[in-house]
Amino acid sequence: MKKTYSLLLLLGSILFLTSCSKGETYSDLKDAERDAINRYIDINNITVIGEEQFIKQGETTNLEKNEYVLLPKSGVYMQIVRKGCGSILEDKKRVEILCRFLEFNIKADSILLRNDIPVGGYINSVFYDFSAFPEKMSVERTGSIYTASFVQSSSLMYAFHGTANVPSGWLVPLAYINLGRPQDDGDEVAKVRLIVPHSQGTADASSRVFPCYYEITYEIDV
């Protein structure tokens with residue numbers, strides 16, 4: 001009887017330890033995120049350059065080489081597709097910016113949101129063509145610091161993620177791109193591609209620890 005009891009205790013302990021080992025710590029989740037980013041970089045033949053090389057190239061990325069610069073302060077990978085017309089946001093100025101974007105969960109390999117092409121979805125049982133609603137955010141620059149919030153009345157990001165806070169990753173490109181509105185032939189709005197770790201992403205990404213890929217255009221709203 002004692003032997004049987006001891007065996008049951010041992011089996012119970014093994015099952016308990018096994019179940020605990022399946023639980024993921026925050027460190028485990030960060031490692032999984034890093035693995036997902038590395039896989040994405042490898043699968044998409046991305047060439048990663050450092051910030052020093054990026055500056056030497058005039059703060060540009062070579063599209064033919066599919067270059068992304070890894071910005072160490074944020075951990076964001078950025079490819080500048082177009083610098084855009086207009087000028088960099090002036091210090092101590094607030095503007096409203098219109099964005100078209102694609103949001104892709106790298107870890108889950110799935111699109112979360114987009115308004116860059118005609119595509120629809122339901123919000124509160126009402127069907128919307130998301131391409132009809134460019135994302136609008138109010139942005140202010142103070143020195144090298146950019147703060148922003150989504151304008152809730154027209155925000156797909158707010159409707160989906162439940163917060164007006166703009167992901168920090170979305171603001172990283174503002175130090176390097178121009179904000180304007182096409183007026184002449186050849187004028188184009190700024191466009192970037194980003195790989196954004198959870199720490200610079202949405203509230204959902206932060207709480208669930210997953211990275212996102214973004215394609216975003218930036219156009220000043222005047």
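**Close-up views of a predicted model**

View 1. Phe-104 stands opposite Tyr-213 in β11. This is a predicted model, in which local features need pLDDT of at least 70 and side-chain atom pairs count only at pLDDT 80 or more, while totals for chains, interfaces and linings use all residues. Residues are numbered from 1 along each chain as its sequence is written, and side-chain values use heavy atoms, with hydrogens and water left out. Nine bridges join β4 to β11, and the two run antiparallel. Strands pair if DSSP finds at least two bridges between them; strands (E, at least two residues) and helices (H or I, at least four) are DSSP runs, numbered from the N terminus.

**View 2. Strand β4 also pairs with β8 and β5.** Here β4 (residues 93–105) runs antiparallel to β8 (residues 135–142), with seven bridges joining them. Look for Val-95, whose bridge partner in β8 is Val-139. Four bridges join β4 to β5 (residues 110–114), again an antiparallel pairing, and Asn-105 stands opposite Ser-110 in β5. The hairpin formed by β4 and β5 has four residues between the strands, and Asp-109 in the turn shows a positive phi of about 55 degrees.

**View 3. The largest nonpolar core has 39 residues.** A nonpolar core is a set of buried Ala, Val, Leu, Ile, Met, Phe, Trp, Tyr and Cys residues joined through side-chain atoms within 4.5 Å; buried means under 20% relative accessible area, exposed over 50% and partly exposed in between (1.4 Å probe, protein chains only). Among the residues with the most contacts inside this core are Ile-97, Trp-170, Leu-194 and Tyr-218.

**View 4. Phe-54 and Tyr-176 form an aromatic pair.** The structure holds six aromatic pairs, where rings of Phe, Tyr and Trp (its six-membered ring) pair if their centres lie within 6.5 Å; planes under 30 degrees apart count as stacked, over 60 as edge-to-face and the rest as tilted. The Phe-54 and Tyr-176 ring centres are 5.4 Å apart with planes at 75 degrees, so this pair is edge-to-face. Phe-54 belongs to helix α3 (residues 51–56), whereas Tyr-176 sits 122 residues apart in the loop between α5 (168–171) and β10 (190–196). Phe-54 counts as buried, at 1% relative accessibility, and Tyr-176 is buried too, at 14%.
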